[in-house]
Number of protein chains: 2
Amino acid sequence: MRVVVPYAVHDPKSRLSSVLSREERQEFSRAMLADVLNGVEKAGGSPVVLATDTIDVDVPVQVDDRSLSEAVNSELVRNPLPIGIVMADLALGTSRVFGDLFATPGDIVIAPGRGGGTNALVVRTAGFRVNYHGASYLDHLRVAYELEASLNEVDSYRLSTDIDEPSDLVEVFLRGEGAAADWLQDTGFRLEITEGRVTVTK
Amino acid sequence: MRVVVPYAVHDPKSRLSSVLSREERQEFSRAMLADVLNGVEKAGGSPVVLATDTIDVDVPVQVDDRSLSEAVNSELVRNPLPIGIVMADLALGTSRVFGDLFATPGDIVIAPGRGGGTNALVVRTAGFRVNYHGASYLDHLRVAYELEASLNEVDSYRLSTDIDEPSDLVEVFLRGEGAAADWLQDTGFRLEITEGRVTVTK
């Protein structure tokens, strides 16, 4: 299955600015991307990075500098189905969870993100279009309903956890198994447990 | 399987104080408890509420006003194994996910919570003790390791989502299927989507 992994090359992960410099955010987001590509490949998928600019990775790259939704919808129009769409910041993704995602039946398979987002999709029916703005999970349910497409949700903590904010780094630290978790450790981040709350600190 | 559901009767869910009054927090936490008990029963479990004080529910109640960890460990000592331990604020829990939890093999089965917590356990081996303070997930891995017990993790978004803070209410709103979601709606909460962020507001 062609698996599209959208990736913003410039100024990635801006909501991590309070804890990571611009260069660190680039390194960290590249480490997360590497983990996702690795997991997808090991699960039998054929990843393609849908990047906003040229980028050096070991898999095919499609450059498209339009908005995320426009670029992904162009992929859905131009390629045979099924297509997977997996966010590049799923640092807890493993080959096992990606394999479960790809193996889940349904015209549309959705792995919701925390906060109403859509972290991964498998599209097996023509006419489905994405809209990542706002509560995309609800939008995607509606689109599937209007197409009378069968829909299945994947209940996965790992796929629900996209890494956007400093508090998300705790999850990478505790549960990550790849390059992103290694990068955090190597950069000097440590777990801190204060008053029963767990945070990461450098 | 005996499934212990710890419940704090007085001043529950204090971290929701900014959006819910004390009375509302009591109603909401009771609705979540009802959802959990219902899901556990439908999954074939035999729930017991481990409450800090007397409480009127349709299942057996064990009153123990000691700390959460002490009360749960007393349950583990006094009852035959296996025992399940499920937090009372898993408002996204369904009979399906509880069923998957109970059916997962292993001396210890753990469903981690976001932020390093432990949202659900199945204990099938003698000698295991809980410690819910701090990063309990790591503590429980260590205890299992020291006991040389086999351990399996359940990868479930629904079980990873305990409802502690206002931002968690979005999850109940979007994905809840029971009394807690109904209560939020009936109390006048609505989803609000601003600048791509999803919150709940009243």
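Let's start with the sheet in chain A: seven strands make an open sheet with mixed pairing, in the order β3-β2-β1-β4-β6-β5-β7. At its edges stand β3 (61-63) and β7 (151-153) of chain A, each with a single partner strand, so one side of each has no neighbour in the sheet. On average, and ignoring direction, neighbouring strands of this sheet are turned by 20° against each other. Before I go further, please keep in mind that this is a predicted model.

As a quick reminder, strands in a sheet pair through backbone hydrogen bonds, and the pairing can be parallel or antiparallel. Strand β5 (residues 108-112) of chain A runs parallel to β7(A), and three bridges join them. If you'd like to find one of these on screen, look for I108(A), whose bridge partner in β7(A) is L151(A). Packed on this sheet is helix α3 (residues 95-103) of chain A, which touches β1 (2-7), β4 (83-86), β5 and β6 (118-123) of chain A. The direction of α3(A) makes about 45° with that of β6(A).

Now, how do the helices pack on each other? Two packed helices are described by the angle between their axes and the distance between the axes. I have two pairs to show you in chain A, and both involve α1(A).

Which residues in α1(A) meet α7(A)? They are E24(A), E27(A), F28(A), A31(A), M32(A) and D35(A). On the α7(A) side you will find A179(A), A180(A), W183(A) and L184(A). By class, that contact has seven nonpolar, no polar and three charged residues.

The crossing of α1(A) and α3(A) is right-handed. From α1(A), the residues V36(A), G39(A), V40(A) and K42(A) meet S95(A), F98(A) and F102(A) of α3(A). Sorted by class, this contact of α1(A) with α3(A) has four nonpolar, two polar and one charged residues.

Let's move over to chain B. The sheet there is an open one too, with seven strands in the order β3-β2-β1-β4-β6-β5-β7 and mixed pairing. In chain B, β3 (61-63) and β7 (151-153) are the edge strands, and each has a single partner, so one side of each is without a neighbour in the sheet. Three bridges join β5 (residues 108-112) of chain B to β7(B), and the two run parallel. I108(B) has L151(B) as its bridge partner in β7(B).

What packs on the sheet of chain B? One helix is α4 (residues 136-146) of chain B, touching β5, β6 (118-123) and β7 of chain B, with its direction at about 150° to that of β7(B). Another is α1(B), which lies across β1 (2-7), β2 (46-51) and β4 (83-86) of chain B and runs at about 175° to β1(B).

Next, a word on the backbone. Most residues other than glycine have a negative phi, and most peptide bonds are trans. With that in mind, have a look at the peptide bond from L81(A) to P82(A), which is cis, with omega near 0°. P82(A) sits in the loop between α2 (68-78) and β4 of chain A. In chain B, the peptide bond from L81(B) to P82(B) is cis, again with omega near 0°. And where is the residue with a positive phi of about 55°, although it is not a glycine? That is E148(A), and its place is in the loop between α4 (136-146) and β7 of chain A.

Finally, the two chains together. Chain A can be laid on chain B with an RMSD of 0.0 Å, by a turn of 180° and a shift of 0.0 Å along the axis. The copies are thus related as by a two-fold rotation axis. And through which surface do the copies meet? Of the interface residues of chain A, 100% are also interface residues in chain B, so the copies meet through the same surface.

Note on methods:
Residues are numbered from 1 along each chain as its sequence is written. Chains are lettered from A and ligands numbered from 1 in the order in which they are written. This is a predicted model: local features need pLDDT of at least 70, side-chain atom pairs count only at pLDDT 80 or more; totals for chains, interfaces and linings use all residues. Side-chain values use heavy atoms; hydrogens and water are left out. Copies are superposed by least squares on the C-alpha atoms of residues with pLDDT of at least 70 in both. Contact means heavy atoms within 4.5 Å. Two strands pair if DSSP finds at least two bridges between them. Helices (H or I, at least four residues) and strands (E, at least two) are DSSP runs, numbered from the N terminus. Axes are lines fitted to C-alpha atoms, for helices over the stretch in contact, and angles run from 0 to 180 degrees between N-to-C directions. Ala, Val, Leu, Ile, Met, Phe, Trp, Tyr, Cys and Pro count as nonpolar, Asp, Glu, Lys and Arg as charged, and the others, Gly among them, as polar. A crossing is left-handed if the near helix is turned anticlockwise from the far one by less than a right angle, and right-handed if clockwise.
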